[in-house]
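Please keep the sequence and the structure in view while reading.

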Amino acid sequence: MATNAKTILCLPGDGIGPEVMRETRRVLDWLGKKRKVAFEVSEALVGGCALDKEGAPISEATMKTALSVDAVLFGAVGGPKWDPNPFNMKPERGLLRLRKDMDLFANLRPATVFDALAEASTLKLDVVKGIDVMVLRELTGGVYFGEPRGITTLPNGERKGVNTQVYTTSEIIRIAEVGFELARKRRKKVHSVEKSNVMESGVLWREEVQKLHDAKYPDVELHHMLADNCAMQLVRNPRQFDVIVTDNLFGDMLSDVASMLTGSLGMLPSASLGAADKYGRRKALYEPVHGSAPDIAGKDAANPLATILSAAMMLRYSFDLPAEADMVEGAVKSVLDGGMRTADIMQPGKAKVSTTVMGDAVIRELDKLVA
Ligand code: NAD
């Protein structure tokens, strides 16, 4: 294998994870063969299957590999079998450990509406058609982690719950930098979202983002928006957005709002990035937004497109292969335009196909691109 091969650790996980990962690996194999991209792909266990076979939701050996590769491609974890497990033996601990040890502070959730699926949205066609929004959520700070936190009992017997919203300048700057860099690869527009009207952390957020913009990214159009207005604007006029950069709490909600503009869970990719090293490379984990879907696992019925689109994000953001990323996304679009649907995105008059047949169709469209 060539020494400059891009190293990928695939972690299929549980439920439909292995099924959607199998189809995604076919796409990677295709790129290796037809586009001569050298990938060195390894595979390991995570989640419930790792608990069963290795005694932990992710083994130390797998963690070590995850920290050494160029990118991790993750399927999904969890299932009813492990629901009674204590907290530290839950399948999800594998994913949380990866996020923590790889210090993945930037979560990217694109919301793209494919024309062929625009009618599946709960919003009107003319509102959602053509939207292409990237929600960038800060993932390791803010109110979910701030101290003090907890529940105490007051002298009068009443109970008090406390969480603290905290952001430091360095935390704000590093997520805003990712936002501006992303915008430069897209339509060069950033909406920075906070609640500076009622929160000091929001005032600091707005000031630091503006300072960074003026110093390093004057070529990117910057808007500041309050989080409540952003939620409203996302459903009113989502096409106004390119990149939305926001904190952990608002990002949690806004990314879900944005993704539901697009229709189905089976279509949504995501990426989580860490800090850049001295060569500008970031630790990175790519995964579909959906879970392990135990209700359809093993039935060859899952939609593999969210994972395939996550791999396209990997090509774009970890490997700087925009042409190959465009090919994969273009193949997905063509398959949908051609009328193929897995059950989750089925529409009247379309052809309902299995996971495998959907994978076959993506490969066939890719073949057409190099024919
Ligand atoms: P889920 O995303 O697994 O499924 C929700 C619904 O969407 C189900 O009806 C499922 O069949 C459908 N669905 C999801 N992905 C699909 C796909 N690719 N193709 C077709 N249909 C799809 O969420 P859930 O049911 O709340 O959770 C199931 C398990 O997954 C739980 O154990 C949960 O903890 C776990 N989970 C894992 C992750 C992860 O690994 N990142 C995320 C969410 C939930």
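In this predicted model, a backbone N or O atom of asparagine 303 lies 2.8 Å from a nitrogen atom of the ligand. Histidine 290 takes part through its side chain: one of its polar atoms lies 3.2 Å from a nitrogen atom of the ligand. On its own, the ligand has 810 Å² of accessible area, and the protein covers 67% of that area.

The surroundings of the ligand can now be considered. The ligand is surrounded by 21 residues, and the closest are Glu92, Gly291, Ala293, Asp295 and Asn303. Sorted by class, this shell consists of 10 nonpolar, seven polar and four charged residues. Two elements, β3 (71-76) and α4 (92-101), each contribute at least two residues to the shell.

The largest pocket has a volume of about 920 Å³. Its lining comprises 33 residues, and those nearest its centre are Glu92, Leu95, Leu96, Arg99 and Glu287. Two or more lining residues come from each of β3, α4, β4 (106-112), α9 (248-260) and β12 (282-288). Which element gives the most to the lining of this pocket? That element is α4, with eight residues. By class, the lining of the largest pocket has 13 nonpolar, nine polar and 11 charged residues.

Note on methods: Residues numbered from 1 in each chain as written. Predicted model: local features only at pLDDT ≥ 70, side-chain atom pairs only at ≥ 80, totals over all residues. Heavy atoms only, no water. Near = heavy atom within 4 Å. Polar contact = N/O pair within 3.5 Å; in protein donor to acceptor, adjacent residues only side chain to side chain. Areas by Shrake-Rupley, 256 points an atom, 1.4 Å probe, with all protein chains shown as cover. Helix = DSSP H or I, 4+ residues; strand = E, 2+ residues; numbered from the N terminus. Nonpolar A, V, L, I, M, F, W, Y, C, P; charged D, E, K, R; others polar. 1 Å grid on protein atoms, 1.4 Å probe; cavity = no way out; pocket = protein on both sides within 12 Å on 5 of 7 lines; lining within 4 Å. Points joined across faces, edges and corners; volume = space filled by probe spheres on them.
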